[in-house]
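Hi everyone, thanks for coming.

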Amino acid sequence: MSVESKMRKILPGLTSRRSSVLLPYLLIAPLLLFIGGLAIYPTVLTFVKSFFIVNPISPPQRFAGLANYTALFSDTEVIWSWVNTALYVVIGVLVSTLLALVMAIGLWKQFPGRAVVLAILVLPWALPGITEGIIWAWIYDPSFGVLNSVLHSLHLISHYHLWISGNRLASIFFIELVQIWQMTPLSAILILASLQSIPLDLYDAAAVDGAGRWETLRRITLPLIRPGIAIAVVESFIISLNIFDQVYVLNGSSTTASSVMLETYNITFQTLNFGQGYAMSFMAVLVTMLVCLGLLKVIYRKVEF
Amino acid sequence: MKRYNLGQKAIIAFVCVWSLFPIYWALNTSLMSNENAQSRPAHFFPFPVYLSNYKSLFSASDLWPDFSRALLNTVIECVAATVVTIIVAVLASYAFARLQFRFKSTIFYVVLATLSLPIYATLIPLYQIMNQFHLVNTYTGVVLVYTSGFLPLSMWIMYNYFITIPRELEEAAFVDGATPVAVLLRIMLPLALPGITSAAIITFLLAWAQFIFPLVLTSDNSTQPLTVFMTGLLGRHTVPFTLMNATGILSIVVPVVIVIFLNRYIISGILAGSIK
């Protein structure tokens with residue numbers, strides 16, 4: 001018996017054409033249950049509970065006004081986590097977008113073995129952040145890491161360095177580099193797709209007009225791939241604002257390079273101060289929404305060929 | 001176009017080294033004894049090849065019980081989350097792509113808007129909800145959370161695939177008296193298979209990489225996936241880095257195989273999931 005006739009037996013009303021008024025709602029019902037119950041409702045909870053004292057050890061929860069927020073702003077560790085995360089985001093978005101742009105331009109034209117190179121390009125994106133943290137922790141190792149070894153052999157450094165957990169900015173850069181390794185493929189694929197949508201006759205026209213390589217890149221290519229770059233910037237912004245796995249593995253118990261997500265995790269699940277965790281989370285949600293809207297407005301202009 | 005060649009070659013070489021070197025380095029380290037790995041300058045080839053790191057992961061008296069359990073948990077959670085996500089997303093995206101109903105565009109945009117919700121929005125409430133329903137430390141809890149997170153993306157990828165399928169085929173079937181459900185199962189599903197494959201692969205890979213949600217939702221090895229197992233191992237100071245690298249290599253075998261053989265689906269999925 002085919003699946004369809006089975007379904008007709010079980011759900012006679014479903015398969016008749018008269019049911020077509022109800023059918024769409026039945027088809028989207030499971031989606032709405034998941035999205036409503038496990039995405040939208042939790043988001044509302046995050047907002048509401050950020051104004052309550054929520055501590056699983058001393059229930060019940062009670063209204064606290066803005067107390068969670070004011071407590072967070074007087075905590076220097078929390079404030080540093082925001083500063084650090086701003087640095088993660090700026091470094092992450094800038095470096096990954098620039099790298100992705102260069103990679104996309106290099107992989108734009110056909111060449112033998114291009115499918116293989118594209119698979120190699122995508123590889124770091126497909127791996128767990130935790131594994132990447134473990135792999136890079138050994139690369140960065142202050143005593144035996146290959147980064148130290150290579151730089152030392154090339155006489156670029158005179159002694160082995162501690163890359164992480166010393167200087168704040170350096171720690172953030174080297175931890176973010178691991179995340180850049182993971183998210184650059186995504187940006188590169190997005191930009192590559194924009195490049196491939198440019199009509200090639202535009203370049204023939206530019207060549208006829210005697211435009212040079214740089215001029216062609218600046219005047220034709222870059223403006224036309226603006227939408228691809230915009231999406232890449234927004235994606236890398238959201239990913240780096242959520243940085244957690246790499247910091248968790250590479251920064252260890254030190255607070256030097258702590259991120260907002262790590263701080264939220266510690267406040268909530270280590271200190272068990274859920275109310276403050278909610279407040280921290282809600283601020284991060286607000287920042288995400290505002291910056292995304294702003295970014296899209298600034299960079300996303302309609303492109304016409 | 002010939003003059004681009006040198007720059008193009010340099011970039012291709014850079015992409016290969018950039019993507020592959022860290023993975024090669026982990027493999028290299030995992031095949032070394034501790035003494036060999038701790039040499040200055042570093043050794044670029046793992047000779048003599050040393051298999052003890054892998055042996056301790058595969059030996060029943062050592063790490064195998066915990067490691068195999070974590071691997072099994074990862075596989076169960078990823079497969080279940082992928083299957084549930086795909087079924088729910090296929091039904092909904094077909095309705096959005098083909099059927100007319102009230103509030104369709106409002107519901108559609110609300111679902112899409114949840115695509116941009118950061119982890120912050122749901123992490124703590126989902127823990128509290130799962131705790132309330134006694135779903136902490138259960139596969140069900142993990143799978144429900146993964147599914148709710150990956151659904152909007154899968155729905156969007158499939159929706160974008162469904163709308164490229166010409167309507168003539170379905171209309172012919174409707175004329176022959178087929179019902180919408182029959183059309184979905186017999187005509188749309190086979191045609192949309194590449195889109196469904198893309199969504200399934202991306203969902204599976206995202207689930208495989210999860211860390212913070214299982215960290216919060218699982219507290220013992222009955223449901224902890226590989227990522228949580230690995231950070232636990234990292235916390236034991238007796239575990240040498242050569243062994244950590246061996247565990248890391250084993251944790252990426254499945255994603256690496258998927259990328260090697262199914263990369264075109266990943267790329268088309270990423271593009272269908274983000275453009276517009």
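Let's start with helix 12 of chain A, residues 226-241: its 16 residues reach 22 Å from the first C-alpha to the last, close to the 22 Å expected at 1.5 Å a residue. That expected span is 1.5 Å times one less than the number of residues. When I say helix, I mean a DSSP run of H or I with at least four residues, a strand is a run of E with at least two, and both are numbered from the N terminus.

Before I go on, a word about what we're looking at. This is a predicted model, where local features need pLDDT of at least 70, side-chain atom pairs count only at pLDDT 80 or more, and totals for chains, interfaces and linings use all residues. Residues are numbered from 1 along each chain as its sequence is written, while chains are lettered from A and ligands numbered from 1 in the order in which they are written.

Back to helix 12 of chain A: is it mostly covered or in the open? Mostly covered, with 14 of its 16 residues buried. Buried means 20 or more other C-beta atoms within 10 Å of a residue's own, exposed means 12 or fewer, and partly exposed is in between, with C-beta atoms placed from the backbone.

Now look at helix 10 of chain A, residues 201-208. Following helix 10 of chain A you find A:G210, with a positive phi near 80°.

Staying in chain A, there are two domains, domain 1 (3-49) and domain 2 (67-299), and those bounds come from an automatic or database domain assignment. The C-alpha centres of domain 1 and domain 2 of chain A are 37 Å apart.

Over to chain B. How many helices and strands does chain B have? It has 14 helices and 0 strands. Its C-alpha atoms fill a box of roughly 75 × 65 × 35 Å along the principal axes. Chain B has 276 residues, and 48% of them count as buried. Two residues are in contact if their C-beta atoms, placed from the backbone, lie within 7 Å. Taking the contacts in chain B with a separation of 6 or more, 77% are between residues 24 or more positions apart.

So how do the chains meet? The contact takes 82 residues from chain B and 81 residues from chain A. On the side of chain B that touches chain A, helix 1 (residues 5-30) gives the most, with 12 residues. By class, that side of chain B has 62 nonpolar, 18 polar and 2 charged residues. Nonpolar here covers Ala, Val, Leu, Ile, Met, Phe, Trp, Tyr, Cys and Pro, charged covers Asp, Glu, Lys and Arg, and the others, Gly among them, are polar.

Here's one helix pair to zoom in on.

Another spot is B:S116, in the loop between helix 5 (104-113) and helix 6 (119-132) of chain B. B:S116 touches A:I238 and A:C292, leaving out residues up to four places away in sequence. Why does B:S116 count as partly exposed? Because it has 15 C-beta neighbours inside 10 Å.

Most residues other than glycine have a negative phi, and most peptide bonds are trans. The bond from B:R40 to B:P41 is cis, with omega near -10°, and the bond from B:F47 to B:P48 is cis too, with omega near 0°. B:P48 lies in the loop between helix 2 and helix 3 of chain B. As for phi, A:H155 is not a glycine, yet its phi is positive at about 60°. A:H155 counts as exposed because it has 7 C-beta neighbours inside 10 Å. B:N137 is not a glycine either, and its phi is positive at about 65°. That's my tour, thanks!
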